[in-house]
Number of protein chains: 2
Amino acid sequence: MNLKELASKLGLSPTTVSRALNGYPEVNETTRERVMAAAKRHNYRPNSRAIRLATGRAMAVGHVIPIASRHEIVNPVFADFIAGAGETYSRNDYDMVLSVVPDEQEEVTYRGLKSKGNVDGVIVHAPRLDDPRIGLLHEIGLPFVVHGRATGSTLPYSWLDVNNRRAFQRATEFLLDLGHTRIGLINGLEFMDFAIRRRAGFADAMGQRGLHVDPDLMSSDEMTEVSGYRAARRMLALSERPTAFVVASMISGMGVRRAIEERALVMGRDVSVIIHDDDLSYLKNGEDLPIFTATRSSVREAGRLAAEMLLDMIANPGLGPQQRLLEAELIIGQSTGPVPKP
Amino acid sequence: MNLKELASKLGLSPTTVSRALNGYPEVNETTRERVMAAAKRHNYRPNSRAIRLATGRAMAVGHVIPIASRHEIVNPVFADFIAGAGETYSRNDYDMVLSVVPDEQEEVTYRGLKSKGNVDGVIVHAPRLDDPRIGLLHEIGLPFVVHGRATGSTLPYSWLDVNNRRAFQRATEFLLDLGHTRIGLINGLEFMDFAIRRRAGFADAMGQRGLHVDPDLMSSDEMTEVSGYRAARRMLALSERPTAFVVASMISGMGVRRAIEERALVMGRDVSVIIHDDDLSYLKNGEDLPIFTATRSSVREAGRLAAEMLLDMIANPGLGPQQRLLEAELIIGQSTGPVPKP
DNA sequence: AATCGATCCCAAACCGCTTTGGATAGGGCA
DNA sequence: TGCCCTATCCAAAGCGGTTTGGGATCGATT
């Protein structure tokens, strides 16, 4: 059932039927109701391919997921972000199109998305230091919102981010207040923007108390269970071992816990741990009483908001760059306590 | 730059240019090369909205992700499956469109996808017992491949699945061979098809050794860390506690380990654990030496294969239902050992 | 020389919608 | 009564490709 058939069934022109269904004013209310009823009865759904061609809009948003051939980690945070963004899109009748591409094809993918007219805008994931995608998207003129920021980028752009620096500063201060001074940082990869900011927050807090940061107590790696385990094990084996850790994610935190328990130490008593919790639905930080003390910020909510921001920009092309900084909450769990007496 | 412009720049008709670019035989090879060169030079990319309308094909595959309002778990396995499927799509110039919808809108979403012509086919995720989506998709005539199977469905359909029953049977037998007889099953939600099959495999193995399965030693829940922890804690508190667990996922396995260590027991010595490992990129089961003994099957590879199967069906509409059963490997790690002497 | 069959190209229809630019009819007003 | 305005509808022209159905050219065949 297409527009023409429906129109002839109603004895009306396609023009009028189209206008009736799209709420244009130049159609009699009685006629409109008749059309609406017929559309529902024959369960007519306009062909979106035709709409897209006629209107010149894709009614879709792209997410490009680059897959590095070397360490091909699919970001676990990604699923929740997508879920959040997807909720926004379906509420607004937009499609979400995902492109999973080898990272050397990232640029050509963005260009293709634009020139083939597949999408009206894109969300940029996991920005790195001075991320080249920002300049690229500026150049090709595709509206975009970055999930995170890209330190070093001079161009203005829209972003939505968590205040990672503040979050890790607060986490570190919390440990310092508990008397810890040997604090290990188990960070994400430090060419990722968020990891740079977290490290800065950690260093800020240490510096403000006049403590120097021991390079041996800092690590930077993929945020997996195994890498958390390895980093913690190495640090715990030091002669002056840390009494606390600040850890970049729940998953690496589980590795840290494994390393702690492997040495027959008790987390929260012998060694304190604060993680960053993205509030993933399948990785809840305990039930009523959180397992880990954590800085928490829902990545799913971030997805919802970033998508809204982008749709807003698409609807109002005049809008300048939008920004939004979310604060993480600091929640106290069972993994922290005062520094043990020596 | 569109087809018409390119054609006039070349002094050719749009027809010829279109044919030249699409490899039709009725165009002179010299002309074709001239056209190809010009297309590259002006970096012409045909508008995909127009192609889709003209050809009547969407060049896209849909994945519908229902979000239950009650337990809104985003399946962690999902990200890797999507990554695998996405690789196949981009290799074949197909788009992947994700619809995240409240689960009561699932049916209307599938119908819309078909009648609005957004996609040429869909992948069905997380099939349940006698899953209604199979009948629905049959009815609306949208090609589909199920990731998993749906016990109870009488209609023929295409699927790709892991031999969950065999995997759990082997895992259980392995524990039995080590002398364990009190074995706990920490399963996924048993309205999910894979969980039903796993339970059957577990029961098969126990039954074959003449052991009855104690209802107290079986649990079924969401596969989260917390639920794994809770189930294991409950079972370990029984007067006749289990000496081994078969666990549905890596993440619940981590909860199980937490419960074991909480009782000052050692995993692999006091209590054995076998998990199912989906081989997620961010949750590797250790490095060289696996942390957990596990039945393993890459969900990413499953995504790749399921997508290929679907594209194949789309390209050859005559093809009947396709099936593919993958076997999981049983890999030995540090979490299992002989039953401890009483 | 006329016919034929390839070969190579083009005009125009079509995909299913939106949107522009009228056309028509009826009512209000001078 | 005549004119203008508003309300309501429609024909036709896009949107940017693909595809159908020829048309012209030219060497080969009879």
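These are my notebook entries on a predicted model with two protein chains, A and B, and DNA strands C and D.

**Ground rules.** I number residues from 1 along each chain as its sequence is written, and chains are lettered from A and ligands numbered from 1 in the order in which they are written. As the model is predicted, local features need pLDDT of at least 70 and side-chain atom pairs count only at pLDDT 80 or more, while totals for chains, interfaces and linings use all residues.

**Entry 1: the sheet.** I looked up an open sheet in chain A and found six strands in the order 7-6-8-9-10-12, with mixed pairing. Strand 7 (218–220) and strand 12 (329–331) of chain A each have a single partner strand, so one side of each lacks a neighbour in the sheet. From one strand to the next, the twist averages 15°. For my terms, helices (H or I, at least four residues) and strands (E, at least two) are DSSP runs numbered from the N terminus, and two strands pair if DSSP finds at least two bridges between them.

Entry 2: Strand 9 (residues 272–277) and strand 10 (residues 293–296) of chain A pair in the parallel sense over four bridges. I followed His276(A) to its bridge partner, Thr295(A), in strand 10 of chain A. Helix 10 (residues 225–236) of chain A packs on the sheet and touches strands 6, 7 and 8 of chain A, at about 155° to strand 6. Helix 11 (residues 250–262) of chain A lies across strands 6, 8 and 9 of chain A, at about 160° to strand 9. Here axes are lines fitted to C-alpha atoms, for helices over the stretch in contact, and angles run from 0 to 180 degrees between N-to-C directions; contact means C-beta atoms, placed from the backbone, within 7 Å.

**Entry 3: two copies.** I superposed chain A on chain B with a rotation of 180° and 0.0 Å of shift along its axis (RMSD 0.1 Å), by least squares on C-alpha atoms of residues with pLDDT of at least 70 in both. The two copies are thus related as by a two-fold rotation axis. Of chain A's residues, Val97(A) comes closest to that axis, at 2.2 Å (C-alpha).

How values were computed:
Contact = placed C-beta atoms within 7 Å. Near = placed C-beta within 6 Å.
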